[in-house]
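Please read the following account alongside the sequence and the coordinates, since it moves from the sheet to the packing of side chains.

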Amino acid sequence: MKTTVLPRVCEEFLTYLRIEKEYSVATAAAYERDLRKFCAGQEDVLSATPNDIKQFIARLNRQGLAASSISRTLSCLRSFYRFTIREGWCTNNPAEVIRNPKGQSRLPKILDVDQMNYLLDVEPETRLEKRDRAMFELMYSGGIRLQELVGIDIKDVDLKDGLVHVVGKGNKARLAPIGRAAKKAIKTWLGTRGRFELSDPLFTSNRGKRLTPRAVQTRLKAYGVKQLGSSGLHPHMLRHSFATHMLESSGDLRAVQELLGHENISTTQVYTHLDSGYLAKVYEKAHPRAKRQS
């Protein structure tokens, strides 16, 4: 594929994302790909109209791009043109009026409470098993993302108050809870570490280096095979399970939003999927005209 040379304004926008907005490397790279695709079909990106955007999106749709990817592309273009207006390059945002495509809502896969208990209620024997148990207990206990987990240092953990300081997407910090089982597992793991500094990573490899996300993924997958007979277990399932179980028990969407560190409550609402039987019971109990006649 021919490489598109990005206009200067696009390069400045990408620099703005990386430096000022502190976007992750992956997100910035995805936005750069989106911009290159768009610029390839535009003579002057600063003169693009809503119709140009519509035609571009239609082309992506014909190419079979997923609705979620098209939505991300639109998000990129909206952000880009907001940036150009702020910097005085443009006076209007042609992407602002374009709606995101409707796609199938993909609910996150979760483990039910029994599966989660079976996964975690195993007594670790080796040093690495104690580390793994602590990692997975902590992820489920606080709804912690994979990238947040590997960034935790020992000084970030407050076992007395049951809190851990994590840094999430967009470099946003929050406090996540540490439950009883996670506290015990972390204490057991730290007891095998020998001497350590508070500035050391909480979870380390055999060589004492900070664990990589890939290493955690590999260990959890093996853990899932051993405990559940499933090779499909991945770190985000623990976060999804945490959110769903909290919401099912409390019904407090706002609290779950805070615990997950979601900026918008619409992101958290994906976890409101409950089994139809449960919903039917709630409806029958609550709605004045739903109750069966005796």
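The paragraphs below treat the sheet, the nonpolar cores and the aromatic pairs in turn.

This is a predicted model, in which local features need pLDDT of at least 70 and side-chain atom pairs count only at pLDDT 80 or more, while totals for chains, interfaces and linings use all residues. Residues are numbered from 1 along each chain as its sequence is written, and side-chain values use heavy atoms, with hydrogens and water left out.

Helices (H or I, at least four residues) and strands (E, at least two) are taken as DSSP runs and numbered from the N terminus, and two strands pair if DSSP finds at least two bridges between them. On these terms, three strands make up an open sheet in the order 1-2-3, with antiparallel pairing. Its edges are strand 1 (157–158) and strand 3 (173–177), each of which pairs on one side only. Two bridges join strand 1 to strand 2 (residues 163–167) in the antiparallel sense, and valine 157 stands opposite valine 164 of strand 2.

Valine 164 also belongs to the packing, where a nonpolar core is a set of buried Ala, Val, Leu, Ile, Met, Phe, Trp, Tyr and Cys residues joined through side-chain atoms within 4.5 Å, and buried means under 20% relative accessible area, exposed over 50% and partly exposed in between (1.4 Å probe, protein chains only). The largest such core has 35 residues, and Val164 is listed with Phe136, Leu138, Leu202 and Phe203 as having the most contacts inside it. Among the elements that each supply at least two residues of this core are strand 2, helix 6 (127–142) and helix 9 (213–228). A second, separate core of 27 residues includes Phe13, Phe38, Leu74 and Tyr81.

Rings of Phe, Tyr and Trp (its six-membered ring) pair if their centres lie within 6.5 Å, and planes under 30 degrees apart count as stacked, over 60 as edge-to-face and the rest as tilted. The structure holds seven aromatic pairs. In one of these, the ring centres of phenylalanine 13 and phenylalanine 83 are 5.6 Å apart and the planes stand at 50 degrees, so the pair is tilted. Because phenylalanine 13 lies in helix 1 (residues 8–19) and phenylalanine 83 in helix 4, the pair ties together parts that are 70 residues apart in sequence. Phenylalanine 13 counts as buried at 0% relative accessibility, and phenylalanine 83 is buried with a relative accessible area of 5%. Both rings belong to one aromatic cluster, formed by Phe13, Tyr16, Phe80, Tyr81 and Phe83.
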